[in-house]
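Dear colleague,

I am handing over the structure below, together with some notes on what turned up when I went through it. Please read the notes alongside the coordinates.

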Amino acid sequence: MSILEAYKMNMGVLSKEDFNKLQQLDVIIVGLGGLGGYVANQLIRLGVLRMTLIDFDTFSESNLNRQLFSNQNNIGEYKVDVICNELKKINPLASIKCIKKRIQDINDLSGDYIIDCVDNKETKIYLSKLSNKFNIPLLHGACGGWYGQVGWISPKCSLLEELYGDEEVGLEKVLLNPPFIVGAVASVMVSEFIKMIKNDSHVILDQILMIDLLDNIITKSGVAKND
Amino acid sequence: MIKITFYSLLRSNYHIEEEFVKQGSINDIINQIIKKYPEIKLSAFRYSVVFYKGKPIHYHGFDTEIEDNEEIFFTQFVGGG
């Protein structure tokens with residue numbers, strides 16, 4: 001495999017230093033369903049070499065509408081196993097650790113970044129607390145219907161806990177999850193990931209980027225004035 | 001006056017983008033909006049999240065007073081993946 005040839009189309013937005021940094025990172029992706037499959041796919045194609053994939057679940061028929069690596073032949077297989085194999089087809093040099101457990105059953109976590117691709121608010125809040133506990137920045141993503149959310153959450157920030165609060169209903173419960181919102185939100189997550197790697201001032205940090213594909217609006221939640 | 005921006009379902013269902021209302025609590029603001037747009041039911045705001053100075057405020061905090069000349073927006077969260 002020619003590294004230069006494989007990644008040359010990324011080098012318009014990545015400097016050589018950025019690319020080297022990407023190759024040194026250990027990225028933890030929690031949730032390998034809709035968002036997680038797309039995010040993992042894009043990260044490996046950007047040059048990330050080390051990933052930890054965490055998901056306890058297997059592919060089912062209801063995943064076929066939106067989960068990138070699901071197909072008729074792998075229903076019933078563990079998502080992390082399928083995706084690990086697919087990622088290694090893209091870059092055989094990748095080092096990918098697969099954990100088939102609920103994130104709540106994992107006692108120790110190490111890595112440079114946690115990426116939130118889970119599909120429920122309780123686990124998202126749990127990830128925010130883990131981020132705080134292990135002092136690892138969290139890249140949040142969520143989607144439902146026409147709508148999505150993306151943002152970096154620093155370990156001391158409680159924005160996700162505040163956003164999800166005690167409310168029980170997210171729009172995904174009503175509008176469900178079509179494929180276009182999953183791919184769009186995952187792509188925005190990865191672009192934010194790259195901005196963070198580059199220390200770009202445009203990165204969405206401790207606020208939420210709200211994505212509305214129905215009205216074609218992307219807006220920031222704003223930064224608390226007393227922070 | 002307070003600038004209100006609508007996102008998500010409130011925007012797409014009622015085709016309202018922005019409004020300017022008199023200073024008050026979020027509940028006061030909702031009442032002003034409903035008075036102007038009677039087709040919007042109070043229940044439409046039940047699962048809204050208001051962002052004010054970058055902080056999300058849920059239904060149970062809608063008695064929060066918004067300072068004059070500030071802006072807020074109404075949206076709804078998603079939690080799917």
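Does A:Asn199 count as buried or exposed, and why? A:Asn199 counts as exposed, because there are 9 C-beta neighbours inside 10 Å and a residue with 12 or fewer is classed that way. A:Asn199 is located in the loop that links helix 8 of chain A to strand 7 (209–212) of chain A, and its C-alpha atom is separated by 9.7 Å from that of A:Asp18, although the two residues are 181 residues apart along the chain.

Please bear in mind that this is a predicted model, with an ipTM of 0.93 and a pTM of 0.96. For chain B the average pLDDT is 95, and 100% of the residues score at least 70.

Once neighbours within four places in sequence are left aside, A:Met189 is in contact with several residues, among them A:Leu35, A:Val39, A:Ile115 and A:Val150.

In chain B, strand 7 (residues 71–75) runs parallel to strand 1 (residues 2–6), to which four bridges join it, and within that pairing B:Phe6 has B:Phe74 as its bridge partner. Strand 7 of chain B also pairs with strand 4 (residues 49–52) of chain B, here in the antiparallel sense and over four bridges, with B:Phe51 standing opposite B:Phe73.

Key. Residues numbered from 1 in each chain as written. Chains lettered and ligands numbered in written order. Predicted model: local features only at pLDDT ≥ 70, side-chain atom pairs only at ≥ 80, totals over all residues. Contact = placed C-beta atoms within 7 Å. Helix = DSSP H or I, 4+ residues; strand = E, 2+ residues; numbered from the N terminus. Buried ≥ 20, exposed ≤ 12 C-beta atoms within 10 Å, placed from the backbone. pLDDT = per-residue confidence, 0-100. Pairing = 2+ DSSP bridges.
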